[in-house]
Amino acid sequence: MIENYRFRAYGDYSAWPGPNSNTFVQAMLDAVPELNAVLPPTAIGKDYPYDGAWFGLTPSRTGAFVSLGGYLGLTIGWIEGLELNFFGGVLGFDIRRPALKLPGIGRLGVPLT
């Protein structure tokens with residue numbers, strides 16, 4: 001997995017909007033979709049399209065996403081919830097475990113178990 005990560009060379013990282021360390025972690029989680037794991041809304045760079053795709057299935061394969069290079073995007077999925085990605089920040093709603101997702105604050109609602 002790591003040897004196939006596109007941004008593994010020195011100088012490939014960019015703090016904002018990505019690719020950054022959160023982009024890398026998201027790529028590793030995407031490689032194992034059965035984990036059903038998502039990064040918190042405060043993880044700037046998690047929605048950076050590290051594979052170059054502007055649209056496609058969510059990592060969990062339960063929804064879809066569209067992204068404009070990490071600057072603007074929309075994600076809708078059972079595991080991911082509903083997320084509007086705006087300049088790296090996330091505003092959304094967790095559908096499975098009801099909660100608001102707020103930029104800079106994180107998740108407010110039913111606790112994760």
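**Exercise 1.** Which helix and strands each supply at least two residues of the lining of the largest pocket?

Solution. The model is predicted, so local features need pLDDT of at least 70 and side-chain atom pairs count only at pLDDT 80 or more, while totals for chains, interfaces and linings use all residues. Residues are numbered from 1 along each chain as its sequence is written, and side-chain values use heavy atoms, with hydrogens and water left out.

First, take a pocket as an open set of points on a 1 Å grid over the protein atoms alone, where a 1.4 Å probe fits and protein lies on both sides within 12 Å along at least five of seven lines; lining residues have an atom within 4 Å of a point. Next, assign the elements as DSSP runs, with helices (H or I) of at least four residues and strands (E) of at least two, numbered from the N terminus. The contributors are then helix H1 (21-30) and strands S1 (55-57), S2 (63-67), S3 (72-77) and S4 (81-86).

**Exercise 2.** Identify the residues nearest the centre of the largest pocket.

Solution. Of the 29 lining residues, Gln26, Asp30, Leu57, Pro59 and Phe65 lie nearest the centre.

**Exercise 3.** Locate the cis peptide bonds from Trp16 to Pro17 and from Gly18 to Pro19.

Solution. For the bond from Trp16 to Pro17, omega is near -5°, and Pro17 is found in the segment before H1. For the bond from Gly18 to Pro19, omega is near 0°, and Pro19 is likewise found in the segment before H1.
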